[in-house]
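I open a new page for this chain.

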Amino acid sequence: MPPAATRIKIDLPDRSYQAIIASGLLLQAGDHLQRLLGSGKSLFVITVAPVRKRWGKKLMDSLAAAGFSAKILEMPDGERRKNLATVEGLAAKLTGLGAERNSVILAFGGGVVGDVAGMVASIYMRGVDVVQIPTTVLAQVDASIGGKTGVNLRTGKNLIGTFHQPLAVLIDPSVLTTLPEREFRAGLYESLKCGVIGNPDLFRRMEKVQVKNLRKDAAALQWMIAESVRLKAEVVSADEREGGLRRILNFGHTIGHALEAESNYRRFLHGEAVAWGMIGATHIAAATGRLDGKTANQITEAILTLGPLPAVTAKSRKILELLRTDKKTMQGAVHFVLPTRIGAVEIANDVSEDAIIEAVDELRKLSSN
């Protein structure tokens, strides 16, 4: 018997909402949305071809059974298509399909779909409601929670975006059964990140996890997702728009985003780039005396044990150049999230260029071994 549903509240001043986590939830999505939205709403599902092929019929049947008139739109797949052209194309399709101000967009896919569909919802007719239905580990544990939307520019990741909180997040771990192993592992790095920044118990479980066993253990998988969501919900509830505390969620993202941009979003999945970014930040933390060497090795080993990562081949100076255009850079200073122990991090704006170069050099060495 699958574990009972877990409900986690994201408690915000203007509009709170719930993340519901349960195996088989996709088949009940229509009932949940009927209770949430009532009758008469027109729904527009934004997804990509692989998700539509595997799970689209189940979602659409669930919506129809609950009395919804829903239409489905496909967007181009992949991080490289996460751009303003895709946003414009989807908005034009919505207009053609008759979407109005009281319509609701369902973001049905991974992190790219969630970011793009959320951004479309935030600006279409000056804003319509969105519900997130994430279908990858990364989206379920991280990207679907918190209302961040965004698209990339050639000069960097997520440089154009909005905050637009969903009405709800519906998380069904059973859809992960069709996820390729590489994508499954890539999402686990984001869960491990949650352990490092604020949940030592999650970290201890993640550093011992066997990926193949986790995929088969519904209870363990739901617990991991729920603990990751719970940590992010607490942070977002305390700091909705990244004025302070929420910045800790960027652990690994500073160098990670630069690695993605340097490779034109072709070499790394997002979670893989974040994994290297976490190792780089951990190296900087140890080199600057913020973290002891034993714990630094423990974090690095936990990341590398989850599985192979694409090699880092970028030149350190190129990464440094990209960091200067990162949205986490303020007044010319690159901001890093650096671990101080398992379960605690600090924001640093005094990391020298030499320390950054040394960290990227270390990533290249590790990836060549």
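**Entry 1: the largest cavity**

I looked up the largest cavity and found a volume of about 60 Å³. On a 1 Å grid over the protein atoms alone, a cavity is a set of points where a 1.4 Å probe fits but cannot get out, and a lining residue has an atom within 4 Å of a point. Grid points are joined across faces, edges and corners, and the volume is the space filled by probe spheres set on the points. This is a predicted model, in which local features need pLDDT of at least 70 and side-chain atom pairs count only at pLDDT 80 or more, while totals for chains, interfaces and linings use all residues. Residues are numbered from 1 along each chain as its sequence is written, and side-chain values use heavy atoms, with hydrogens and water left out.

I counted four cavities of 30 Å³ or more. For the largest cavity I noted the lining as Thr155, Gly156, Lys157, Thr254, His257, Ala258, Ala261, Leu322, Leu323, Thr325 and Asp326. Strand 8, helix 10 and helix 13 (316-323) are the elements that give two or more residues to this lining. Helices (H or I, at least four residues) and strands (E, at least two) are DSSP runs, numbered from the N terminus. Which element gives the largest share of the lining? Helix 10 does, with four residues. I sorted the lining of the largest cavity into four nonpolar, five polar and two charged residues. In this sorting Ala, Val, Leu, Ile, Met, Phe, Trp, Tyr, Cys and Pro count as nonpolar, Asp, Glu, Lys and Arg as charged, and the others, Gly among them, as polar.

**Entry 2: salt bridges**

I turned to charged pairs next. The count is 19 salt bridges, each one a side-chain nitrogen of Lys or Arg within 4 Å of a carboxyl oxygen of Asp or Glu.

I picked out Lys157 and Glu260, whose side chains form a salt bridge at 3.4 Å, N to O. Lys157 is in strand 8 (residues 156-160) and Glu260 in helix 10 (residues 253-262), so this pair ties together parts that are 103 residues apart in sequence. Are Lys157 and Glu260 buried or exposed? Both are buried, meaning under 20% relative accessible area, where exposed is over 50% and partly exposed is in between (1.4 Å probe, protein chains only).

I then looked at Arg290 and Glu346, which meet in a salt bridge of 2.5 Å, N to O. Arg290 is in the loop between helix 11 (270-287) and helix 12 (293-305), and Glu346 is in strand 13 (residues 344-348), so to speak of distant parts of the chain, the two are 56 residues apart. Glu346 has 32% relative accessibility and counts as partly exposed. Salt bridges that share partners join Glu79, Lys82, Asp115, Lys157 and Glu260 into one network.

Within that network I checked one more pair. Glu79 and Lys82 form a salt bridge at 3.8 Å, N to O, and both residues are buried.

**Entry 3: the second largest pocket**

I read off a volume of about 230 Å³ for the second largest pocket. A pocket is an open set of grid points with protein on both sides within 12 Å along at least five of seven lines. Its lining consists of Glu79, Arg80, Lys82, Asn83, Asn152, Leu153, Arg154, Ala261, Asn264 and Tyr265. I sorted the lining of the second largest pocket into three nonpolar, three polar and four charged residues.

Asn264 has a phi near 55 degrees, a positive value in a residue other than glycine. Asn264 is in the loop between helix 10 and helix 11, and is partly exposed at a relative accessible area of 34%. Tyr265 is not a glycine either, and its phi is positive at about 60 degrees. The loop between helix 10 and helix 11 also holds Tyr265, which is buried with a relative accessible area of 11%.

**Entry 4: rings**

How many aromatic pairs does the structure hold? I found zero. The rule pairs rings of Phe, Tyr and Trp (its six-membered ring) if their centres lie within 6.5 Å, with planes under 30 degrees apart counted as stacked, over 60 as edge-to-face and the rest as tilted.

I did find charges over rings. The charged end of Arg205 is over the ring of Trp223, 3.9 Å from the ring centre. Arg215 lies over the face of Phe184, 4.5 Å from the ring centre. The rule asks for NZ of Lys or CZ of Arg within 6 Å of the ring centre and within 35 degrees of the ring normal.

**Entry 5: two single residues**

I placed Gly56 in helix 2 (residues 49-65). Gly56 counts as buried, at 4% relative accessibility. From Gly56 to Gly114, 58 residues apart along the chain, the C-alpha atoms are separated by 16 Å.

I placed Leu25 in the loop between strand 2 (17-21) and helix 1 (29-37). Leu25 is buried, with a relative accessible area of 2%. The C-alpha atoms of Leu25 and Ala85 are separated by 32 Å, and these residues are 60 apart along the chain.
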